[in-house]
Amino acid sequence: MVAIMTRMYTPSGHPAPTRRPVRQLLAASVGNAVEWYDWYAYTFLATYIADQIFPKSADDSLVPLLSTFAVFAVGFFMRPVGGLLMGAIADRRGRRTALTVTILLMGGSSLLVGLTPTYATAGLLAPVVLVLARLLQGLSVGGEFAASTTFLVESAGPGRRGLFSSFQYVSTTAGQLLASGIAALLVDTLSDEAMNGWGWRVPFVLGALLSLVGFWIRQGAQETRSAEQRQAPRPGLFEALRRHPRESLRIAGITAGGTIAYYTWTSYLPTYAELNAGVEKSDALLAGTLSLAFFALLQPLGGLLSDRFGRRPLLLFFGLGFALLCVPLLHAVRDSFAVLLLVSCAGMVLLTGFTSISAAVNAEVFPPRVRAAGIGFPYSLTVALFGGTAPYVGTLFKEMGHSGLFPWYVAVLCLASSVVYLRLPETAHTELRR
C-alpha cells in the first residue's frame, strides 16, 4: 500500500505525487470509522437510553423505546442538511477543513449523549439534550460522507480511485463492528444496575476520545483541492443543485438501489430473519456480525476490480444481481443459522459491486468546484428516503400481512438503479476532473 502514489497539483497546475498516501487513507478511514462508531453506538444501546432518558408510560412499556428510535430517525433526516453544509465547507474552505469540522462535531455530540442527564434528575431537559446531540450527529455524518468521499478519491493516484474509494465502506463497517463489540462487552461484563446507571454512557465518552485521535490524524493530511480551485471564487450554497440538476438526479439514481440493499442486508436482515423465519435473536446477530466482517474484506477487491475493468460492470453486477436474486435470497431464509449466514454473505458479495466504488462513481459525476456539496445533499437525501426507511417499510409490510412484498420492493429499486448504471459513461480510465 505504501507504494501507491496519489496525485496532487502544484501551483502551476501540474500534477505532483503525494508523499504520504497512507496518511491520506488513514485520515479519511480512521475518522470515518470513528464517525460511524458514534452513530451506531446509539442504536446498540437504545434500550438503556430509553429507560434513562424518556418518561415511562403506565399503559405502554414500548413508549420510551419508540421515543428513542424516533430520535434516531430525526438524526437520519439531518444528514442531507449536513451533506449540503459540510459539502459547501469542503468546496469553499477545503476538504481537510471539512473533515476536521465533522469529526470534532461528532466527538462533541457523542460526549453530549454520554453526559445527557436522566429524566429522573432533569425531567424534560433530558430528552431535549438527547435530541440536540442526535441532530448534531446527523449533521456530522451527512457532512462526513460528502467530505471524505471527495478527499479519498482526489487523494488517489492514476488507476487507484476505485481502490481508495473502497475504504469508505471498510471504515464504515469497522466502526459498526467496533460499536457492536464494545456494547456487547459491556453488557456481558457489567450488571444490569451498572449498565443502566453508568455503563451505557461509556461508549459515547470513548467515542469522544477517539474523535480526538481522528482529529490529530486529519490535521496532518494534505489538502486535495488544486491551486486553481483554491484561487477560484467560492461557490454558492445551492450552486450544485442550481447549475447541475441532472448530475444531482444522477446521484439519487445511483444511490437508491444501493442504499436500500445496504441497509436491508447490513441492518435489517437479522430482524427480517427473526420476524419471518423464527431465527433466534442470538443466531441472527451472530450471522450479521460475521457477514459484516466478510463484507469489509471484500471492499478493496471490488475497488481493484473496478480500476481494472471499469465501474459500470461492477454496478450492473450489483444492480441486476439484486434485482434477480433479492427475492429468492430473502425467501430462502429459514430457521437455520447456516442458511442465514449463507444468504447474508451472498448478498454482501453482490452489494460490494456498489459499495466498493460508490465514492469514486459519485466523485466522478461532479466538477471539482462543487464536488463535495454536489455529492453530499442528493446522496444523503436519497439514503434518508430509501435506506433509513428500509427497516420501517419491511416491518410495515409484515404488520400488513404482506411480508413477501418487501423483497420485491428492494428488487424494483435495484432494477431502477440498474437503468441509471446502463446510461453512465465509463470513467474508470479517465483523468479525474480537477
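A polar contact is a pair of N or O atoms within 3.5 Å; within protein, one atom must be able to donate a hydrogen and the other to accept it. The model on display is predicted, and the tour opens with one such contact.

**Stop one: T224.** Select T224, which sits in the loop between α10 (202–219) and α11 (227–231). Is this residue buried or exposed? T224 is buried, with a relative accessibility of 3%. The side chain of T224 forms a polar contact with the side chain of E154, at 2.7 Å.

**Stop two: helix α2.** Move to residues 46–53, which make up helix α2. How many of the eight residues of this helix are buried? Six of them are, so the helix is largely enclosed by the rest of the structure. To highlight the buried positions of α2, select A46, Y48, I49, A50, Q52 and I53.

**Stop three: the cysteines.** A disulfide is a covalent bond between the sulfur atoms of two cysteines. With a cut-off of 2.5 Å between the sulfur atoms, the model has zero disulfides. Select C345 together with C326: C345 is in no disulfide, and its nearest cysteine sulfur, that of C326, is 16 Å away. C345 is buried, at a relative accessible area of 18%; this value counts as buried because the limit is under 20%.

Finally, select C414 and keep C326 in view. C414 is likewise in no disulfide, the nearest cysteine sulfur being that of C326, 6.4 Å away. C414 is buried as well, with a relative accessible area of 0%.

Key. Residues numbered from 1 in each chain as written. Predicted model: local features only at pLDDT ≥ 70, side-chain atom pairs only at ≥ 80, totals over all residues. Heavy atoms only, no water. Buried < 20%, exposed > 50% of the residue type's maximum accessible area, 1.4 Å probe, protein only. Helix = DSSP H or I, 4+ residues; strand = E, 2+ residues; numbered from the N terminus.
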